[in-house]
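Here is a short briefing on the structure shown below. Please read it alongside the model.

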Amino acid sequence: MHPISEKKKTRANINNFYFLCNSTLRTVKRSSLKHHRRVSALFDPKMSLLNQLFNRGVFGAKCKTCLSLAISRIKLLQNKRDLQLKHMRKEIALFLQAGQEPIARIRVEHVIREQNIWAAYEILELFCEFVLARVPILESQKECPSELREAVASIIFAAPRCSDVPDLLQIKNLFSAKYGKEFVNAATELRPDSSVNRAIIEKLSVSTPSGEIRLKVLKEIAQEYIIEWDSSSTEAEFNKKHEDLLAGSKQVCVEAAVSQVPSKQAYIKSSPSNGIKPIFPIDAKQASQHRQASSPVSDVTLLTSGEIEASSKNCTAGPVSDIKRETSRSSDVLERARASIASAERATAAARAAAELVNVKFGSMKLKGASS
């Protein structure tokens, strides 16, 4: 055979082989796409049975990882807060030693808050370890077991209140997907059937601590750093009951008397500026007349203030429950105030007359001097 014909045959065979390979590859791709679509349809979220079987393993794995991360993070935060608490307590001891008790009273609230958070983290760490050891039980049962209900509810309640531990929020989302939103809402809103631990609720509360707790912590700090501190003033400050001023003042009669008299006194003070020239005493007689004319005003103001103080003492001295006495005293005070106002008006009229006389005499003397 000729060598050229053999070459042609081999080339033709190679081309046929390439064509077969390409066709087989195309068919394999098409079949793989169809198979992939079938598999993805099997694992579609709408397929409830496969989804439940698949999510069981996912819930357990995710819950274990989040719980272990939360435990390690809580331990680190506890060590950090220990150092912060020591530094803060030392600062309060220095304030007590320097006699700056008001600053120490304010700072001790922050110390109590940090101590409460530290105690809450300690309880949460125990709950996380307890749930981590029983994740298979949670995974196997549809409802939350009764022995794990307190731990799970406490973790859900503390998740949004402990921003330093974001892993607790992921655990809360896992429990929400498994047990439903009603279970999570019952724990976060502290419903009667929530089963949240009372210690967690108290430690994570935002209410201000009582005076007894603050005084106790201050005494502990003073004993810890061996400081001779007299706590009598602080005890008196904490035990003092502050008056609630939202409902208004209780001494109505004093307010009624004081609200009328100062207005008239202000009128007396501002009256000389109403178109009257300033007074310049020339002779000793005129000065004495001016002093005698202006003295009743000061006497009246002193009498009115004394009467008001006496009436306020009388109003406050009586019992609060006796309404008739209070009303009679208040009417007496008002009558006295009115009488004092009338006398003050008379005194102002006399002062104006004296001022006009002085101005007239001063003008006549000027005219005489100019004519001479």
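**Overall picture**

Among contacts in the chain between residues at least 6 apart in sequence, 74% join residues at least 24 apart; contact means heavy atoms within 4.5 Å. This is a predicted model, in which local features need pLDDT of at least 70, side-chain atom pairs count only at pLDDT 80 or more, and totals for chains, interfaces and linings use all residues. Residues are numbered from 1 along each chain as its sequence is written, and side-chain values use heavy atoms, with hydrogens and water left out.

**Fold and surface**

- The chain has 13 helices and zero strands. Helices (H or I, at least four residues) and strands (E, at least two) are DSSP runs, numbered from the N terminus.
- Of the 372 residues, 29% are buried, meaning under 20% relative accessible area with a 1.4 Å probe, protein chains only.
- The accessible surface of the chain is about 25,300 Å². Carbon and sulfur atoms hold 57% of that surface. The areas come from the Shrake-Rupley method with a 1.4 Å probe; for residues, only the protein chains shown count as cover.

**Nonpolar cores**

- The largest nonpolar core has 41 residues. Such a core is a set of buried Ala, Val, Leu, Ile, Met, Phe, Trp, Tyr and Cys residues joined through side-chain atoms within 4.5 Å.
- Tyr121, Leu124, Val131, Val152, Leu168, Ile171 and Phe175 touch the most other members.
- At least two residues of this core come from each of α2 (48-97), α3 (101-133), α4 (135-140), α5 (146-158), α6 (167-179), α7 (181-188) and α8 (198-203).
- A second, separate core holds 18 residues, including Leu96, Val108, Leu215 and Ala222.
- Beyond its neighbours within four places in sequence, Tyr121 contacts Ile74, Leu77, Gln78, Arg81, Cys162, Asp164 and Val165.

**Packing of α3 and α5**

- The axes of α3 and α5 are 10 Å apart, at an angle of about 130 degrees. Axes are lines fitted to C-alpha atoms, for helices over the stretch in contact, and angles run from 0 to 180 degrees between N-to-C directions.
- That angle makes α3 oblique to α5, because angles under 35 degrees count as roughly parallel, over 145 as roughly antiparallel, 65 to 115 as roughly perpendicular and the rest as oblique.
- On the α3 side, the contact uses Leu124, Phe127, Cys128, Phe130 and Val131. On the α5 side, the residues include Leu148, Ala151, Val152 and Ile155.

**Arginine 105**

- Arg105 lies in helix α3.
- Arg105 counts as buried because its relative accessibility is 15%.
- Leaving aside neighbours within four places in sequence, Arg105 contacts Arg214, Ser233, Thr234, Glu237 and Phe238.

How values were computed. Buried means under 20% relative accessible area, exposed over 50%, partly exposed in between (1.4 Å probe, protein chains only).
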